[in-house]
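Colleague: I have not looked at this one before. Can you walk me through it?

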Amino acid sequence: MRLLLNKGGEIRKLFVGNKVYFRGLIEFSNVCNKDCYYCGIRNSNLTVNRYNLTDNEILEAAKFADENRFASIVLQSGENSSRAFADRITGLVAHIKQLSSNRLGITLSVGEQPESVYRQWFEAGAHRYLLRIETSNQELYGKIHPNDKQYDFNRRMDCLYSLKNIGYQTGTGVMIGLPFQTITDLVNDLLFFQQFGIDMVGMGPYIEHSETPLYAFRNELLPIQERFNLSLKMIATLRILMKDINIAAATALQAIDPLGREKGIKAGANIIMPNITPGSYRNDYSLYENKPCIDEEPAQCLGCLDARIALADCEIGYGEWGDSIRFINNKKKISG
Ligand code: SAM
Ligand code: SF4
């Protein structure tokens, strides 16, 4: 395992350098239409205290990111397919571009939407989108979601193709260590990323949540440390397979090991997503148990990050978008 992780880190350094880029994560709402079997903020979990940040709170968080030279933010929430939601995001994206004089790059991660909505957001200024496929095995996908047309594997896949066609830097990912998942599934996940020609990947361990249906299978899971190690091996293998993409060290790694994200970087990741959601809401965006940094204010988190990244022999690319090199090169090929 050590050899594999070292190789992942070595290849990261050779192909994308030793800079780690920030994506300031704003979890702006935990209200969700959906009921994914693994997720703590699923619609049917009545124990969740639902929140929706005001526009002002979101803009303040974006300003914080800009002032601290994060260069990029991610707006993430539960899924909402209303017109009002689509228009609200359009307005917010345009406002954030304006308030930061175009300095802030904006990634959206708000689930499945019609192509016209993805296009509307792209035209407003969003340029990256994260939509995890969760697993590339359609049968397994069926087992971790309700059996309903709202959870159609092919629709999710079509969304990924729409995002790519529109021109977004497209990111996806999977959960590692899901119930019923096999090593073959994980190998196929990596091959799927390659075959799709993905620009960015964010993948991390599945962590059970007591208020979800998959909790019933908690005794069939790999031990948590094995899920963690498997996640690091997935990162390293993906880096060897796709040398020039952006790979995020998922927050879920840190939920298992306090140095989880740094270990992810050592294994080949080059992106981290510091949580800049106002502290008072963090507890309520609880996808899984032991989500880290929920008691800290964004500014407190910042102090520890420089030192932590240095531990992984890397430096933070302050003020740089850190776009996926693969995406940039493909764009050059198309336009040249
Ligand atoms: N609602 C949007 C969506 O589903 O694409 C974006 C937000 S959703 C909370 C972001 C990601 O959280 C999901 O894609 C899923 O992979 C991850 N997630 C949810 N529950 C999880 C769990 N129990 N363990 C690890 N990751 C989880
Ligand atoms: Fe909603 Fe996303 Fe959680 Fe599914 S994973 S329940 S869509 S927030």
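Predicted model: local features only at pLDDT ≥ 70, side-chain atom pairs only at ≥ 80, totals over all residues.

Colleague: Which residues are around ligand 2?

Modeller: They are Cys32, Lys34, Cys36, Tyr38, Cys39, Ile41, Arg42 and Gly78.

Colleague: And ligand 1, which residues come nearest there?

Modeller: Tyr38, Ser77, Arg132, Glu134 and Ile207 come nearest, out of 19 residues around ligand 1. By class, the shell of ligand 1 has ten nonpolar, five polar and four charged residues.

Colleague: What lies 3.0 Å from a nitrogen atom of ligand 1?

Modeller: A backbone N or O atom of Tyr38. Ser77 also has a polar backbone atom 3.1 Å from a nitrogen atom of ligand 1. For Leu287, a backbone N or O atom is 3.5 Å from a nitrogen atom of the ligand.

Colleague: How much of the accessible area of ligand 1 does the protein cover?

Modeller: On its own, ligand 1 has 560 Å² of accessible area, and the protein covers 92% of that.

Colleague: Switching to the surface. Which residues make the nonpolar patch?

Modeller: Ile183, Val187, Leu191 and Leu241 make a nonpolar surface patch of about 320 Å². Helix α7, residues 183-196, gives the largest share of the patch, three residues.

Colleague: Where does Leu241 lie?

Modeller: In helix α8, which covers residues 224-241.

Colleague: Why is Leu241 called partly exposed?

Modeller: Because its relative accessible area is 33%, and partly exposed runs between the limits for buried, under 20%, and exposed, over 50%.

Methods
Residues numbered from 1 in each chain as written. Chains lettered and ligands numbered in written order. Heavy atoms only, no water. Patch = residues over 30% accessible without salt bridge, like charges linked within 9 Å, V, L, I, M, F, W, Y side chains within 5 Å. Areas by Shrake-Rupley, 256 points an atom, 1.4 Å probe, with all protein chains shown as cover. Salt bridge = Lys/Arg side-chain N within 4 Å of Asp/Glu carboxyl O. Helix = DSSP H or I, 4+ residues; strand = E, 2+ residues; numbered from the N terminus. Buried < 20%, exposed > 50% of the residue type's maximum accessible area, 1.4 Å probe, protein only. Near = heavy atom within 4 Å. Polar contact = N/O pair within 3.5 Å; in protein donor to acceptor, adjacent residues only side chain to side chain. Nonpolar A, V, L, I, M, F, W, Y, C, P; charged D, E, K, R; others polar.
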